[in-house]
Structures are given as structure tokens and as C-alpha cells.
Amino acid sequence: MVTASRRKFRFGVTLLAPATRAEWVEKCRRAEELGYDVVGVADHLGLPAPFPAMILAAEATERVRLTTFVLNVPFYNPVLLARDVATADRFTDGRVELGLGAGYVRAEFESAGIAFESGGKRVEQLATTAETLRRLFADPEYQPRPAQPAGPPLAIAGWGDRLLRVAAEYADIVALPGAAPAYNGGPLQFVGLDATDARVAYLRGLLGARAEEVELNILLQRVVPPEERSAALEQYGPHLPADVADRPEELPALLIGTPKEMARQLEERRERFGFSYVSVLESSMEPMGAVIEQLR
């Protein structure tokens, strides 16, 4: 059995900037050229619709897998979502991974005319959706059949106890955010080492015998080369957790240094936390490419 600290690295990039067809194709091809394993599509109003974007990405590339990073589950009827997922998986020859989240941007729900329920209710919706997808794809009579026999791997993203309990039951991949999003003009709220240790330990306890089978993902908020270090610390420094305030290079959701130094940091985080699947945002796609090259 491969332990979490020895699991092979995978790298993903989530594309966020709206683009023409030609620009989208070029971005996806560039991600593949840089060595990324997964191209992700976010699910926010104002950005491309996830499933058409994934299918076009598959047409433009040869090997990368495609993921929703992550769907706002309360936007979707679970049965209708299963049809979209299965169709996308079939039309991409089984390259889909399905990322699911509970949703957190109230303004988007209001704009779409969808009730923004309590956190507990949204986690319940996520659990129902994950269970429905698993059940439908396990039925040999289900149509349309996804290309992957059991359906695409499920990635569930989140941090709280209730959501991690759902992830422990249904997920093939668990994505820990490492920072709370900077919506409504507020600064990013980074998670420190002690809190990350505690979350990973809690999750592993829930997973039990599945702990070594489930892949752990971390989303890096920014990849910071040496020439940008001072500006980045000026921006983020006042908001860093106390246990990393004087050594920001250790912060799980940031990567700071030369490509060689950053590669070493990722190896240390894989050893300590089990993060073998590392994702970045589109703005960090190019600098992360040099880190991927080091680790390959």
C-alpha cells in the first residue's frame, strides 16, 4: 500500500479568467505543456459554465484530466447533475473528476434566485448529491453510462466537521482550502500549521481504513518567486496565523522561494500532512510550472 507521504504528486490549475474559445484552448494547452495533471474549472457566476468548458478543454488537450473545482452543489438537482456528469465523462473518454462544494458566496445564490440555506443545510445537500451520484453510477442500467465504470472520482472540498464527515464517507479526494476566500473585500484568512495538523488528523480518524486510499489536495493561494516575496509579505503578513508569522514559507496555502526551495517545501508538506495533490489558481500557473519541472 502506498502511504500518503509517498503518494506520487499530482498538480492542478484552476482557470478563472473569462476567455474566447481560442484563448481557452491556448490556456488549456499551456497547462498541459507545463506539466499539470489536472485542469480545473471554477463554478462562479461570470465565469464559463463548467461542463462545456471541460469538454472543450478535453478537445484541446491530450492527457490532462478535467475537474470542477468546485461545483456549488446547491445550484444543482442531483439527478440532472448526474446526467451532465456522465455525459461529460463519456465525451471526454473518462477524463473527468468531479469536485463538489457546499457553496459560500451568498450574493451568487441571491443573483440566481436560489435560497442561501444555513451551512448545515448546504452540507446536507452536498451529502444527498454525493449519495445520489454514487447510487446512480453504481446501477448497471443507468444511462447515459459514464466512461469510468463507477463514475468520475469525487473530490469534496471543505474544512468543517460536518463537511469532512461527508467527505470521509463519499470522497476519493478531499480538498482542504488552507485559507478562507477574500470575499466582500476582506483579506484572506490563512490557516496555520497547528490547525492544519488538527484537521488532517480529524479527517484521517474519520477515514479509518480508507485513510491511505483517499488523496489529499491543498489549494495554494499564491506561488511567490523571490522577486515578489517582499510585496507578498506586505500584503499577507498582517493576516498570517501566529504559528507561522515569522516563517511564512511554511504556510500550507502559500509557496515562497526559488523553484528548488518550493519543491522542497511541497515534499515537506506531503510528508507532514499528506498533501500529494497540489492545486494553484490561474495567476500562479506559470511560476508553478517551474516547480513541477523540479519535482518531475
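**A walk through the predicted fold**

The protein's secondary structure comes to ten helices and twelve strands. Helices (H or I, at least four residues) and strands (E, at least two) are DSSP runs, numbered from the N terminus. The radius of gyration is 18 Å, close to the 19 Å that the globule rule gives for 296 residues, so the protein is as compact as a globular protein of that length. That radius is taken over C-alpha atoms, and the rule is 2.2 Å times the number of residues to the power 0.38. Along the principal axes, the C-alpha atoms fill a box of roughly 55 × 45 × 40 Å.

This is a predicted model: local features need pLDDT of at least 70, side-chain atom pairs count only at pLDDT 80 or more, and totals for chains, interfaces and linings use all residues. Residues are numbered from 1 along each chain as its sequence is written, and side-chain values use heavy atoms, with hydrogens and water left out.

Of the 296 residues, 54% count as buried. Buried means under 20% relative accessible area, exposed over 50%, and partly exposed in between (1.4 Å probe, protein chains only). Contacts are heavy atoms within 4.5 Å. Among contacts with a separation of 6 or more, 76% come from residues 24 or more positions apart.

Start with strand 3, residues 65-72. Six of its eight residues are buried, so the strand is largely enclosed by the rest of the structure. Strand 2 (residues 38-41) runs parallel to strand 3, and four bridges join them. Strands count as paired if DSSP finds at least two bridges between them. V41 has T68 of strand 3 as its bridge partner. Strand 4 (residues 96-101) also pairs with strand 3, in parallel, through five bridges. Here T68 has L98 as its partner.

Strand 2, helix 2 (residues 50-60) and strand 3 form a right-handed β-α-β unit. From strand 3 the chain crosses through helix 3 (residues 78-91) to strand 4, in a β-α-β crossover that is right-handed. Right-handed means that, with the strands pointing away from the viewer, the path from the first strand over the helix to the second runs clockwise.

Now the core. The largest nonpolar core has 85 residues. Such a core is a set of buried Ala, Val, Leu, Ile, Met, Phe, Trp, Tyr and Cys residues joined through side-chain atoms within 4.5 Å. Y36, L100, I156, V174, F190 and M288 have the most contacts inside it. Leaving out residues up to four places away in sequence, V174 touches a set including I156, L164, L203 and E215.

Charged pairs come next. A search of the whole structure finds 15 salt bridges, each a side-chain nitrogen of Lys or Arg within 4 Å of a carboxyl oxygen of Asp or Glu. E282 and K27 form one of them (3.0 Å, N to O). E282 lies in the loop between strand 12 (275-281) and helix 10 (285-295) and K27 in helix 1 (residues 21-33), so the pair ties together parts that are 255 residues apart in sequence. E282 is buried at 18% relative accessibility, and K27 is buried at 13%.

R296 pairs with D37, their closest N and O atoms being 2.8 Å apart. R296 lies in the segment after helix 10 and D37 in the loop between helix 1 and strand 2, so this pair ties together parts that are 259 residues apart in sequence. D37 is buried, at 18%.

A local pair sits in helix 1. R30 and E33 meet at 2.2 Å, N to O, and lie three residues apart, about one turn of the helix. R30 is partly exposed at 27%, whereas E33 is exposed at 60%. Finally, R10, R65, E97 and E215 are linked in a network of salt bridges.
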